[in-house]
Amino acid sequence: MNKCVFLDRDGVLNKEAGTYVYRPEEFIIPDGVPQAVAMLKRAGFKLVVVTNQAGIAKGLYTRQQVLQLYEIIQQACKGALDALYFCPYHPKYDSESLSRKPGSLMLEKAIARFGIDPQQSWMVGDRQRDLEAAKRVQVKGIFINNEEEQAPDYAHFVAGNLLEAALFIVNQ
Ligand SMILES: [Mg+2]
């Protein structure tokens, strides 16, 4: 079985902009992110990005643009990321989806594909719905502290950024 760190995108891998991020120039990767990703990779974790992208349902941007930003983060992280799952749907614009966090289908797909043991795995996110999706599949949650939302009480750890989260994980 493999162990995995599931990564939310905005507010974890790139700077939260307070709005939809889909242009390369708005996709800001903080210092410390490539280092954190490398540290987790060295520690033997699969690294899977799971991101809600309802801006597609709203017609703001395309799937191609989501993939373009994934290429940028992959390059910054020297190809260390194993997969990207994104949910393009929104219940008010097109359809309900079990993939949309707090739904856990994106995580379930990765668990099946990579033979992941949830008990040895983590989710790092900056929204309660990220950790709720993880909790549904028994993956431990690390919350990235921010001004928009409080960590849920079942968060395993609250970190200031991805590097702090990665240090916590590898020191377990
Ligand atoms: Mg986020």
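Helix 1 passes helix 5 in a left-handed crossing, a term for a near helix turned anticlockwise from the far one by less than a right angle, with clockwise counting as right-handed. Before going further, please note that this is a predicted model, where local features need pLDDT of at least 70 and side-chain atom pairs count only at pLDDT 80 or more, while totals for chains, interfaces and linings use all residues. Numbering starts from 1 along each chain, following its sequence as written. Helices (H or I, at least four residues) and strands (E, at least two) are DSSP runs, numbered from the N terminus.

Back to the pair: helix 1 covers residues 33-42 and helix 5 covers residues 162-170, and they pack at an angle of about 15 degrees with axes 8 Å apart. That makes helix 1 roughly parallel to helix 5. The cut-offs here are under 35 degrees for roughly parallel, over 145 for roughly antiparallel, 65 to 115 for roughly perpendicular, and oblique for the rest. Axes are lines fitted to C-alpha atoms, for helices over the stretch in contact, and angles run from 0 to 180 degrees between N-to-C directions.

On the helix 1 side, Val 33, Gln 35, Ala 36, Met 39 and Leu 40 meet Leu 162, Leu 163, Ala 166, Ile 169 and Val 170 of helix 5. Sorted by class, this contact has 9 nonpolar, 1 polar and no charged residues. Nonpolar means Ala, Val, Leu, Ile, Met, Phe, Trp, Tyr, Cys and Pro; charged means Asp, Glu, Lys and Arg; the others, Gly among them, are polar. Contact means C-beta atoms, placed from the backbone, within 7 Å.

Strand 5 joins strand 4 through 4 bridges and strand 6 through 3 bridges. Phe 143 of strand 5 is the bridge partner of Gly 125, and Phe 143 also has Val 158 in strand 6 as a bridge partner. Strand 5 is largely enclosed by the rest of the structure, because 4 of its 5 residues are buried. Buried means 20 or more other C-beta atoms within 10 Å of a residue's own, exposed means 12 or fewer, and partly exposed lies in between.

Val 5, in strand 1, is buried, with 25 other C-beta atoms within 10 Å. Beyond its neighbours within four places in sequence, the contacts of Val 5 include Leu 40 and Ile 169. Met 39 is partly exposed, with 17 other C-beta atoms within 10 Å; leaving aside neighbours within four places, Met 39 is in contact with Ala 166 and Val 170.

| C-alpha pair | Apart in sequence | Apart in space |
|---|---|---|
| Met 39 and Leu 69 | 30 residues | 22 Å |

Finally, helix 4 (residues 128-136) has Gln 128, Asp 130, Leu 131, Ala 133 and Ala 134 buried. Their cover includes strand 1 (3-7), helix 3 (105-114), strand 4 (122-125) and strand 5 (140-144). Just after helix 4, Gln 138 takes a positive phi of about 60 degrees.

Technical notes. Two residues are in contact if their C-beta atoms, placed from the backbone, lie within 7 Å. Two strands pair if DSSP finds at least two bridges between them.
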